[in-house]
Amino acid sequence: MLDLRSDTVTRPTPGMRAAMAAADVGDDVFGEDPTVCKLERRMAEVTGKEAALFVSSGTMGNQLAIATQTRPGDDVVVGEGAHPVFYEGGAGAALSGVQFNVVGRGGFYTPEELEAAMHPPVYFAPRTSLVMIENTHNRAGGRVWSAAAALAVADGAHRLGLSAHLDGARIWNASVALGVEVGVLCAPFDTVSACFSKGLGAPVGSALCGPRALVEDARRVRKRWGGGMRQVGILAAGALYALDHHRNRLAEDHVNARRLAERMARVDGVHVDVSAVETNIVNMDLDVPAADVAVAARHLGVLIGPSAPRRLRAVLHLDVPSSSVDGVADALERAIGVVARSPR
Ligand SMILES: Cc1ncc(COP(=O)(O)O)c(C=O)c1O
């Protein structure tokens, strides 16, 4: 089976497993796990922030950023399709009591659109405290915020007296696609969350990076939420291995995504904007129900997920080798043909 449902499905490689098995560990709730401390120092350095906190997931990273930079009742400005709005179980409302103010189009917005979304400073209006962007943007199909566009929004937020958070679950892909250092892409933001368990291929984990005092506050909230882990250096070792070995190869996933998109764009009944395929995600709009195509594709050895009634999302990653991309395209073409020909 080739699994293109997400880049979270990767399995640790033998080298990563060996690094994890050999990890030096301690009790991280006491701050005594040397491998976690090493990963946190490394992430602070990579993102150019004072400190970093190892957390269980990208969701926890985003939610800690919200919890530490807002008060209940506040507005958090996000772009369309933002991960915390769609996929975090309503945690913004449930855990921090915030509401989301969605601006712009397709996940991207400008400082002008941000400013226009501000409420008048009257007692009955919510206070806006935090602005978030997602780079790369998941629901937009892995599209990339340029360094300049991200800087403009973060600067705009700061001019308005707001904090700026970067959901950098796939910041590694953005960096490779733009040829710009991760630290440069993170620099304009107060906080950044970045994931090890997506394209980088580690089994678990993300980091929240930012000012030391904020990160220490997040450590307290992480414990409150049950996220304090013990000999978790075993997992941090997987993340360190991923940082050392799996970053540069992301370019291969981007080439594979483009090749799949180009192939699928030639298939009858498939609509793919090839120019929008900037990283490792391919959105394909279909004339037939996407869920039916996913079932047919499974019978042909390809797992793929519908992200809307007539949209399939394919995600390229470490466990989808370049040599299999044409086979995936053939299987999807056949699956679409089967569904198109079946009586409805
Ligand atoms: C943009 C973005 N942010 C955050 C997350 C959350 O990550 P996790 O699944 O580790 O909670 C994801 C997961 O796919 C994501 O795509």
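Predicted model: local features only at pLDDT ≥ 70, side-chain atom pairs only at ≥ 80, totals over all residues.
Local features were considered at pLDDT of at least 70 and side-chain atom pairs only at pLDDT 80 or more, whereas totals for chains, interfaces and linings use all residues. Residues are numbered from 1 along each chain as its sequence is written, and side-chain values use heavy atoms, with hydrogens and water left out.

The ligand is surrounded by Ser57, Gly58, Thr59, Asn62, His83, Glu88, Glu134, Asn138, Asp167, Ala169, Arg170 and Lys198, a residue being counted if one of its heavy atoms lies within 4 Å of the molecule. By class, this shell holds 1 nonpolar, 6 polar and 5 charged residues, where Ala, Val, Leu, Ile, Met, Phe, Trp, Tyr, Cys and Pro count as nonpolar, Asp, Glu, Lys and Arg as charged, and the others, Gly among them, as polar. Oxygen atoms of the ligand lie 2.7 Å from a polar side-chain atom of arginine 170, 2.8 Å from a side-chain N or O atom of asparagine 138 and 2.9 Å from a polar side-chain atom of lysine 198. Of the 390 Å² that the ligand exposes when taken alone, the protein buries 84% (accessible areas from the Shrake-Rupley method with a 1.4 Å probe).

Across the whole structure, 5 aromatic pairs were found, rings of Phe, Tyr and Trp (its six-membered ring) being paired if their centres lie within 6.5 Å, with planes under 30 degrees apart counted as stacked, over 60 as edge-to-face and the rest as tilted. One of these pairs, formed by phenylalanine 108 and tryptophan 145, is tilted, with 5.1 Å centre to centre and 35 degrees between the planes.

Technical notes
Polar contact = N/O pair within 3.5 Å; in protein donor to acceptor, adjacent residues only side chain to side chain.
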